[in-house]
Structures are given as C-alpha cells and as structure tokens.
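Please keep the view open as you read.

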Amino acid sequence: MKLKTKSRIAVFFLAYITWILITVKFTIPSLLVGLVFSIVTAIVAGEILIITERKFHLNRIIYTIAYILKLFWEMLKANLHVAYIVIHPKLPVKPGIVKIKTKLKRDSALTMLANSITLTPGTLTVDIDKENQILYIHWIDIVATDIKTATELIGNKFEKLLEEIFE
Amino acid sequence: MPNNQIVGYIFICLGILFDFFGVLGLVRLPDVYNRLQAATKCVTFGSAGILIGVFIYSGFTPTGFKSILCAIFVLLTSPVSAHAIARAAHRARIKLADETIIDKYEEDKELKEG
C-alpha cells in the first residue's frame, strides 16, 4: 500500500473516533454525518500524518508515556517557578537570549523539543536555525551564557526521550 | 456531593489560581518576552487544569470528552503561538528590558545580514 493511502486511512479513523467521542449519539443520521465529514477530512488533509515508513515498536509507546509524565512534572515546576517570581516583591528576573545546540534532525522532533522547552521552567523558544541545529532560547533567569552549559541545562532532559521516540 | 464533583472543583480552583498568577505576571514583568513566559506557562497549565476539572466533574459524557479535546489543543497550540509572537517581536526590533544580560540572537542576526 502506498504511504499516502495509509496516512489517509489513519486520519479517517482518528477523525471518526473523535466524532463519536464528542457526540456520543448512536443514531443513524449522526453516524452518517460523521462518516461523511471524516471522509472529507481524510481526502483534504489526510497525507500529512504519516510521513515515513517505520516499524512499530512497543518501546516507542513506553518512551512516549515517560515523555508525557516528564513533561507534566516539568510544567508543574515551571508554574511554581513563575508564580514565585511574580509574587516576589522585587521581581528577581535576569532575562536574556541564549543559544543551545541539538542533535535532533527531523521536523516533528524539533517541533516537540521547541514546544517542550517553551512549557518548561523559565525558557521560551524564539527561533530555530535548522541547518546548524541551533535553538535560540529566551531565558528568564540566566544561569549560564555559554552554549555548552546552556544545552546541558535546557535541552538534555528531553532530547534523549525525543530521540528514542522520533528518530 | 459525589466525590468526583469535589475533585473536579479542586482542579478547577487550582486552574483559576494558576491563571491568576499568569495574569499577575502579564501586568508586573518588564518586557514582551518575559510577559510571554508568564502568559504561556501559567495560562496553559491553568486552562488545561480547568478543562480537566470539567472532565472529572462531568465524567464520560459529551461535555467531558469535549473538554479533554480542548485541553489537548490548548497544550499543543499555545507554545506555538508564543514562539510566533516572540519571533515577530524580535524581528520588529522591540527592545528587551533593561535587566537583560545577553542577546545571542541579535548578534547572529547581524552577522547574517551584514
């Protein structure tokens, strides 16, 4: 089977399951409308979900769950950190933009890394230089300005898991 | 009151608390980038908390599933919009706050353009 057809079928099932979950009505008109809209969605935007041919591994699911748990823990820490800064009467900020280097190459992995960095303590992705694999990060409370230490402090906690999931 | 409603109310209250911190940060912090930090983190977590609270409150009903879907979309889209706003602000040459120590992005951009 061609890759695009496979991707379209996956999108169709995803859309149909979502429709059933948000309506929870098992009448024939409702199911038919859902079917029609799922087919339209699969035809219009179906080819972007699966891009490469890769084997399905159980390991990847375990790593994904570990990644989600880690992301939630880091988000909780991020929120407490920002809350502390905001409540503090003197506003202890030391902002600036630093560079970090990454080993990831795929678009999806880079997107997830940038999103994770934005959601974690005190850091916000400003731009990505894809050719040199550099991310520009706005840091609210700078600890280190050189590229090596910054990479260790910001990027490394997610990079390993994302490498396992996407690469 | 059933247990799940009490837990739902606790989640909703926590979400509102974090939303409050985010708004406070939006008012108090010095420049665009710092304000974005407070706005994205706290508002994402707070809004997701409220939506998960609604899911726990109403259980496996259409309302509950819709709120879970909304939580997923908020978690996926809000960092992207923050990134877009930060990049646009930097390209429009909006100055960073006086407390700023270093701006590597500006240095690299000048090298590229020069």
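K70(A) and E74(A) sit 4 residues apart in helix α3 of chain A, so about one helical turn separates them. Their side chains meet in a salt bridge, a term used here for a side-chain nitrogen of Lys or Arg within 4 Å of a carboxyl oxygen of Asp or Glu. Helices (H or I, at least four residues) and strands (E, at least two) are DSSP runs numbered from the N terminus.

This is a predicted model, in which local features need pLDDT of at least 70 and side-chain atom pairs count only at pLDDT 80 or more, while totals for chains, interfaces and linings use all residues. Residues are numbered from 1 along each chain as its sequence is written, chains are lettered from A and ligands numbered from 1 in the order in which they are written, and side-chain values use heavy atoms, leaving out hydrogens and water.

Over all chains, the search finds 3 salt bridges.

| Salt bridge | Distance |
|---|---|
| K70(A) and E74(A) | 3.9 Å |
| R87(B) and D127(A) | 3.0 Å |

Now for the place where the chains meet. The count between chain A and chain B is 1 salt bridge, formed by R87(B) with D127(A). On the chain A side, α3(A) gives the most residues, 11. By class, that side has 27 nonpolar, 13 polar and 5 charged residues (Ala, Val, Leu, Ile, Met, Phe, Trp, Tyr, Cys and Pro count as nonpolar, Asp, Glu, Lys and Arg as charged, and the others, Gly among them, as polar).

How many residues of each chain are in contact? Chain A brings 45 residues and chain B brings 40, where contact means heavy atoms within 4.5 Å. Together the chains bury about 3,800 Å², 71% of it on carbon and sulfur atoms; buried area is the accessible area (1.4 Å probe) that two parts lose on being put together, summed over both. In chain A, N79(A), V86(A) and I97(A) lose the most area to chain B, together 16% of what that side buries.
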